[in-house]
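Subject: Structure handover

Hello,

Here is the structure I said I would pass on. Please open it next to this message and follow along.

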Amino acid sequence: MNAVAQLSAGISAVILIAVFPLEAFFIERPAVQRFLGIEAHGIRNVHLWSFCIGARNALAGVGTLIGLWMVNFGDETAGVTVVVVTCIYMLLASLFMGVADALGFWLPRGGSIKGTVASSVLPAIALIAIAV
C-alpha cells in the first residue's frame with residue numbers, strides 16, 4: 001500500500017475518532033452544532049442516534065488504524081483488506097449523509113454538503129490509491 005493511500009486513510013481515521021466526542025457527548029453545545037452544520041431544534045430527540053453514529057465512526061477509525069498497523073508491521077494482505085473495508089464504510093456513510101440531505105432529512109436542507117464532501121474525499125483518495 002503506497003504512502004498516499006496510507007496518509008489518506010490515516011488522516012480520515014483520526015478525523016473520525018476526533019469527531020466522536022463531539023457527536024457523542026457535546027452535541028448540545030452551539031459551537032459543536034455549528035461545526036457539524038446542524039440545527040439546535042430537537043437535539044435531545046436525536047442524541048441517541050448521534051451517539052451511536054459517533055461510536056460507529058470512531059470504531060471505523062480505530063479499525064483503519066489497526067489495518068494500517070497490520071500493513072506496516074503484520075500481515076500486509078490482511079491489513080490492506082481491513083483498510084479497504086473501513087474506507088468503503090467511510091465513503092458510503094458520507095455519501096448516505098448526502099442522500100439524507102437530498103431527501104430532506106437534514107435541517108437545514110443543504111447543511112450536509114460541507115460534511116459530505118469533507119468526509120468522502122480522503123477515503124475516496126485512499127481507495128483510488130490502493131486500486132492503482
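H4 and H5 pack with their axes 8 Å apart, at an angle of about 150°. That makes H4 roughly antiparallel to H5, since angles over 145 degrees count as roughly antiparallel, under 35 as roughly parallel, 65 to 115 as roughly perpendicular and the rest as oblique. Axes here are lines fitted to C-alpha atoms, for helices over the stretch in contact, and angles run from 0 to 180 degrees between N-to-C directions. Helices are DSSP runs (H or I, at least four residues) numbered from the N terminus.

This is a predicted model: local features need pLDDT of at least 70, side-chain atom pairs count only at pLDDT 80 or more, and totals for chains, interfaces and linings use all residues. Residues are numbered from 1 along each chain as its sequence is written, and side-chain values use heavy atoms, with hydrogens and water left out.

The crossing of H4 and H5 is left-handed (the near helix is turned anticlockwise from the far one by less than a right angle). The residues in this contact (heavy atoms within 4.5 Å) include Val83, Cys87 and Leu91 of H4 and Pro123, Ala126 and Leu127 of H5. By class, they divide into 15 nonpolar, 6 polar and 1 charged. Ala, Val, Leu, Ile, Met, Phe, Trp, Tyr, Cys and Pro count as nonpolar, Asp, Glu, Lys and Arg as charged, and the others, Gly among them, as polar.

H5 also meets H1: their axes come within 8 Å and cross at roughly 155°. H1 is therefore roughly antiparallel to H5. The crossing of H1 over H5 is left-handed. Among the residues making the contact are Ala5, Ala9 and Ile15 of H1 and Leu122, Ala126 and Ile130 of H5. This contact has 11 nonpolar, 2 polar and no charged residues.

The largest nonpolar core has 10 residues, including Ala9, Val83, Cys87 and Ala126. Such a core is a set of buried Ala, Val, Leu, Ile, Met, Phe, Trp, Tyr and Cys residues joined through side-chain atoms within 4.5 Å. H4 gives the most to this core, with 4 residues. Ala9 is in contact with Thr64, Leu68, Val83, Cys87 and Ala126, leaving aside its neighbours within four places in sequence.

Arg109 is in the loop between H4 and H5. Arg109 counts as exposed because its relative accessibility is 58% (exposed is over 50%, buried under 20%, partly exposed in between, with a 1.4 Å probe and protein chains only). The C-alpha atoms of Arg109 and Leu127 are separated by 29 Å.

Regards

Terms used
Helices (H or I, at least four residues) and strands (E, at least two) are DSSP runs, numbered from the N terminus.
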